[in-house]
Amino acid sequence: MASPTLPLDKSKFTLDTSGVAGVFGGDEAVSAMATVHVYENRQWFGWYNSPGSYQIARQYGRLSRSRFFDGFFPGVHTDPATLFEFDGWKGPKFRAAHSGTIIEETGHLGALFMKECAAREGMVVEGRKTQPVGVTIAELNHIPAPQMYPRRISAYSPVFASIPISVSIGTCVACGVFEDWYLFSLILLGIFTSGIACLVIGSGKFVFTHPDPAKGSPPGDGILSSDKEIVLLKGAEGAVNSITRGRFSLSFSSEPKYQNIGWCSVLLTIQFIAQLLFVPQGSLFGQIMFVTSLGVSWLYNSWLSSLDKEKIQRDILLDSVLEKPVLTKYSLGTRTTMVIFVLLVLHPEDPTKILNELLPNDTKVWKQWKETIMRRLLNKEKFDFVDADWELDGFSQQEKSLLETLYGDARAAYGGYVQYAASE
């Protein structure tokens, strides 16, 4: 039986080898591979001729720890969680309301939680406005296990993955039908190496861990603070330290040397070299089929890399780890109003200490104001102020005016607290 006539057989045009090997993005391929641990079943849908094999090999080959692999993939070794961006961010400062603990810098999950709260709209509290501050009250009613495997996002659709898989298989079959065995082999090798890479790299288990608090620990209530956002964490110590001291990580059966990832990266490098050597040996039709498979795969990788990975992690933290905490946000017009609101909501053991930390001002006016505020807080009095509270002997008219303004801020904060207490 005669072989079918090869399309474009008479053409003298050939594709540039360097263009075939390098025009399609490795960055997108690396970013797409980073989604393999957060989407359910993503590791099973990598069987397509993906571009960027050398970039993936360089990126993840650094995980392997041996002299042999160090020669292939030089660079600073790092842990999987940092490499896949599940760890490494610096979070806001945390002040405990009851135990007195201060964590100058929380970690990745503290930063994620703060960003989630900052993205929300707050209910405006009436009062003076200078530089509004958002205050989110987080009711943490669920205590996660010290170690758990969070549920991964299930929104990833195999339908989208079937497009590059079908195109890669189709172009491979077309090359075989027209007996272009060079490009048939290269596309088949690309499908195989990409699929193996997804399986090997995706074999890591996505883990959440946090310290198990000692029995009898006081409530973990406290304050996460940044310049424009405050988050009040309310709940048991085990729930609160999930945010302040918890972390995401990846656990591989091959750790600590990660040799399976090293060999996978070597395979990806071999694929890249094979593309450089053998693409020019194929026909123009085969080269077009090869580039078509890469192009469709590149579009798919671009779509995967465009997904908001930070938002995905925030969703996993809130929905799977913390079991959907109740978040209530208020927008307060001044920092003074914010501080009083925080003290009213938290009822800390030592309100004076937190007041002085958040408002370090220590002039005569501020000292007088703080003394009055502390007395009313400790005696659980209402924040209704009259002229006698600021019309004091020994104060200038300007100082009395400032006192009146500060008492107005405190009154506004109390109004916001009454609104919050009514909603509980």
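Helix H2 gives the most to the lining of the largest cavity, with 3 residues. The model is predicted, local features need pLDDT of at least 70, side-chain atom pairs count only at pLDDT 80 or more, and totals for chains, interfaces and linings use all residues. Residues are numbered from 1 along each chain as its sequence is written, and side-chain values use heavy atoms, without hydrogens and water.

**Exercise 1.** Describe the lining of the largest cavity.

*Solution.* 
Step 1. On a 1 Å grid over the protein atoms alone, a cavity is a set of points where a 1.4 Å probe fits but cannot get out; lining residues have an atom within 4 Å of a point.
Step 2. The lining includes Ala 29, Ala 32, Met 33, Arg 42 and Asn 301. Helix H2 (26-33) and helix H8 (181-201) each give two or more residues to it. Helices are DSSP runs (H or I) of at least four residues.
Step 3. By class, this lining has 6 nonpolar, 3 polar and 1 charged residues. Asp, Glu, Lys and Arg count as charged.

**Exercise 2.** Which helix gives the most to the lining of the second largest cavity?

*Solution.* 
Step 1. Among the residues that line this cavity are Gly 190, Thr 193 and Ser 194.
Step 2. The helix is H8, with 3 residues.
Step 3. The lining divides into 2 nonpolar, 6 polar and no charged residues.

**Exercise 3.** List the contacts of Leu 317, leaving aside neighbours within four places in sequence.

*Solution.* 
Step 1. Contact means heavy atoms within 4.5 Å.
Step 2. Leu 317 is in contact with Leu 109, Leu 112, Phe 113, Phe 248 and Leu 322, with those neighbours left aside.

Note on methods:
1 Å grid on protein atoms, 1.4 Å probe; cavity = no way out; pocket = protein on both sides within 12 Å on 5 of 7 lines; lining within 4 Å.
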